[in-house]
Amino acid sequence: MIRASGTAGFQGRPVIAASSRLTHAVAASLAIAALSLCLIVTLTVLSTKATMAMGLPV
């Protein structure tokens, strides 16, 4: 059984599957999601510190 050359694995030529507009849109949405996550973590840490600084009423 003889395998045809270039039909299996990653040995063929790379083909661009998406347009550059789609690639840029995905990159922009990932950047916005990363910034949002950083903002949420920062606000959570600051609110936790503020809550701990107030102390518990006894």
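The exercises below, each with a worked solution, concern a predicted model of a protein.

**Exercise 1.** Work out which helices and strands the protein has, and whether the span of α1 agrees or disagrees with its number of residues.

*Solution.* Begin with the inventory, in which the protein shows 1 helix and 0 strands. The helix, α1, covers residues 20-54. Next, take the expected span, which is 1.5 Å times one less than the number of residues; for the 35 residues of α1 this gives 51 Å, and because the end C-alpha atoms lie 51 Å apart, the two values agree.

**Exercise 2.** Decide whether Leu-22 is buried, partly exposed or exposed, and find the surface patch to which Leu-22 belongs.

*Solution.* Leu-22, a residue of helix α1, has a relative accessibility of 47% and therefore counts as partly exposed, since buried means under 20% and exposed means over 50%.

**Exercise 3.** Describe the burial and the accessible surface of the whole protein.

*Solution.* Of the 58 residues in the protein, 0% are buried. The accessible surface comes to about 5900 Å², and carbon and sulfur atoms account for 72% of that surface.

Technical notes:
Residues are numbered from 1 along each chain as its sequence is written. This is a predicted model: local features need pLDDT of at least 70, side-chain atom pairs count only at pLDDT 80 or more; totals for chains, interfaces and linings use all residues. Side-chain values use heavy atoms; hydrogens and water are left out. Helices (H or I, at least four residues) and strands (E, at least two) are DSSP runs, numbered from the N terminus. Buried means under 20% relative accessible area, exposed over 50%, partly exposed in between (1.4 Å probe, protein chains only). Accessible areas come from the Shrake-Rupley method with a 1.4 Å probe; for residues, only the protein chains shown count as cover.
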